[in-house]
Amino acid sequence: MLVLAFDTATPAVTAALHDGERVLAESTTVDARRHGELLVPTIETVLREAGVALGDVTAVVAGSGPGPYTGLRVGLVTAQALATSLGVPAYGVCTLDALAYGSGLAGPFLVATDARRKEVFWGHYEDPRVRLSGPSVDRPQDLPGELPLVGAGARMYAEIVGPSRVTGAPEYPFAGALAALAAEQLGEPDVREVVESGTHPVLSLPRPIYLRRPDAQVPSAPKKVSA
């Protein structure tokens, strides 16, 4: 097994390689405006550091969001293109799941990322591997309970959600955690069939999770002015 994983659903452009036992290489750059420019060089960096060729990859995994429309599409389109050219399967994993998996927390908690418009994308987790609800999009003041919070969305609105709830876990998903979570699932029997049926709890087909319409809209036709 050699899993190439990456995520572009947040300001972090991150990629990693996992051989089924450990992370071989990982690289992350935080730059919300350069997803398209940075992703391929980041992939090339982890391949070089791991000393493997792209043709050795056996599965491609991309964070499927939720996240801003443009950045999210960069990762998913790249995953589909690479998988097609390599003749290997491509999968999606909810970006919030990768954050949860890499949080290091044991008990129930919430993960929140920046959704813009003074809102957050969030999910409720029983532990780092089990999501109880979400992903959803809401105002930070509407997040439930007094559970600990993980992610940049929590840190941005710490004064609203309560500073004591914000943990020291990573603000952004790291592809090493994404790759490790996916590698655990890919060892299961008949995993591709389960994913294609839409019933796998972690893996999905590489399709974006959109919780609302894009910020950019096609202008409607101008109204006719009556004489």
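Helices (H or I, at least four residues) and strands (E, at least two) are DSSP runs, numbered from the N terminus. The structure is a predicted model, in which local features need pLDDT of at least 70, side-chain atom pairs count only at pLDDT 80 or more, and totals for chains, interfaces and linings use all residues. Residues are numbered from 1 along each chain as its sequence is written, and side-chain values use heavy atoms, with hydrogens and water left out.

View A. Thr-113 belongs to strand 6 (residues 109-116). With a relative accessibility of 5%, Thr-113 counts as buried; buried means under 20% relative accessible area, exposed over 50%, and partly exposed in between (1.4 Å probe, protein chains only). Leaving aside residues up to four places away in sequence, Thr-113 touches Leu-96, Leu-99, Glu-119, Val-120, Phe-121 and Gly-153. Contact here means heavy atoms within 4.5 Å.

**View B. Helix 1 and its packing.** Helix 1 (residues 35-50) contains 16 residues and spans 22 Å from its first C-alpha to its last, close to the 22 Å expected at 1.5 Å a residue. The expected span is 1.5 Å times one less than the number of residues in the helix. Its buried residues are His-35, Leu-38, Leu-39, Thr-42, Ile-43, Thr-45, Val-46 and Leu-47. The buried residues of helix 1 pack against strand 1 (3-7), strand 2 (12-18), strand 3 (23-30) and helix 2 (69-86). Just after helix 1, Gly-51 adopts a positive phi of about 70°.

**View C. Salt bridges around Arg-34.** A salt bridge is a side-chain nitrogen of Lys or Arg within 4 Å of a carboxyl oxygen of Asp or Glu, and the structure holds seven of them. One joins the side chains of Asp-31 and Arg-34 (3.4 Å, N to O). Arg-34 is partly exposed, at 31% relative accessible area. A network of salt bridges links Asp-31, Arg-34 and Glu-37.

**View D. The salt bridge between Arg-129 and Glu-184.** The two side chains, Arg-129 and Glu-184, meet at 2.8 Å, N to O. This pair links distant parts of the chain, 55 residues apart: Arg-129 is in the loop between strand 7 (119-127) and strand 8 (130-138), and Glu-184 is in helix 6 (residues 175-186). Both ends are partly exposed, Arg-129 at 48% relative accessibility and Glu-184 at 33%.

View E. The side chains of Arg-192 and Glu-196 form a salt bridge (3.1 Å, N to O). Both residues lie in helix 7, four residues apart, about one turn of the helix. Arg-192 is partly exposed, with 27% relative accessible area.

**View F. The second largest pocket.** The second largest pocket holds about 190 Å³ of space. Of its 18 lining residues, His-200, Val-202, Leu-203, Ser-204 and Leu-205 are the closest to the centre. On a 1 Å grid over the protein atoms alone, a pocket is an open set of points where a 1.4 Å probe fits, with protein on both sides within 12 Å along at least five of seven lines; lining residues have an atom within 4 Å of a point. Grid points are joined across faces, edges and corners, and the volume is the space filled by probe spheres set on the points. Strand 5 (90-93), helix 7 (191-197) and strand 10 (203-204) each supply at least two lining residues. The lining divides into eight nonpolar, six polar and four charged residues; Ala, Val, Leu, Ile, Met, Phe, Trp, Tyr, Cys and Pro count as nonpolar, Asp, Glu, Lys and Arg as charged, and the others, Gly among them, as polar.
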